[in-house]
Amino acid sequence: MDTAILFLTCVVILGVMTIQGHLSRVDRRAARVERKLDAVIRHLGIHEEVPGRDEILALVRRGKRVQAIKLYRETTGADLVEAKQAVDRLA
């Protein structure tokens, strides 16, 4: 009985490690595609519509970058790094 539990535990751990490795590769590929898309957008001179852009710009101009990043995150659902990069681009 103990060997069966040990075997099943090993199988589960191996399965989780395999899934985690696959998700990591998928995340890296998605990040690479996003970087390429951002480069194409910049090259074409297309400006991304940001909800609340005027408010965010006003906060940046007043030197309130942290509040601008917070507002960007709230309006777009972006993560912290993405929001900081976007606010830096707007500045």
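This is a predicted model: local features need pLDDT of at least 70, side-chain atom pairs count only at pLDDT 80 or more; totals for chains, interfaces and linings use all residues.
The secondary structure consists of four helices and zero strands. Along the sequence, the pattern reads α-α-α-α. The radius of gyration is 21 Å, well over the 12 Å that the globule rule gives for 91 residues, so the protein is more spread out than a compact globule. Along the principal axes, the C-alpha atoms fill a box of roughly 65 × 30 × 15 Å. Of the 91 residues, 15% count as buried.

Salt bridges were examined next. Side chains of opposite charge can pair when their charged atoms come close. Across the whole structure, two salt bridges were found. One of them joins Asp-88 to Arg-65. Here the closest N and O atoms are 2.8 Å apart. This pair links distant parts of the chain. Asp-88 belongs to helix α4, Arg-65 belongs to helix α3, and 23 residues separate them. Asp-88 has a relative accessible area of 32%, so this residue is partly exposed. Arg-65 is also partly exposed, because its relative accessible area is 35%.

A salt bridge also connects the side chains of Asp-88 and Lys-84, with an N to O distance of 2.9 Å. Both residues sit in helix α4. They are four residues apart, which is about one turn of the helix. Lys-84 counts as partly exposed, because its relative accessibility is 43%. Asp-88 takes part in the bridge to Arg-65 and in the bridge to Lys-84.

The surface also carries a patch of negative charge. Six residues could be named in this patch: Glu-34, Asp-38, Glu-48, Glu-49, Asp-79 and Glu-82. One of them, Asp-79, was placed in the fold. Asp-79 lies in a loop. This loop runs between α3, residues 65–76, and α4, residues 80–90. The relative accessible area of Asp-79 is 42%, so Asp-79 is partly exposed.

Note on methods. Residues are numbered from 1 along each chain as its sequence is written. Side-chain values use heavy atoms; hydrogens and water are left out. Patches are made of residues with over 30% relative accessible area and no salt bridge: like charges are joined within 9 Å, nonpolar side chains (Val, Leu, Ile, Met, Phe, Trp, Tyr) within 5 Å. Accessible areas come from the Shrake-Rupley method with a 1.4 Å probe; for residues, only the protein chains shown count as cover. A salt bridge is a side-chain nitrogen of Lys or Arg within 4 Å of a carboxyl oxygen of Asp or Glu. Lys and Arg count as positive and Asp and Glu as negative; His and the chain ends are not counted. The place of a charge is taken as NZ of Lys, CZ of Arg, CG of Asp or CD of Glu. Helices (H or I, at least four residues) and strands (E, at least two) are DSSP runs, numbered from the N terminus. Buried means under 20% relative accessible area, exposed over 50%, partly exposed in between (1.4 Å probe, protein chains only). The radius of gyration is taken over C-alpha atoms; the globule rule is 2.2 Å times the number of residues to the power 0.38.
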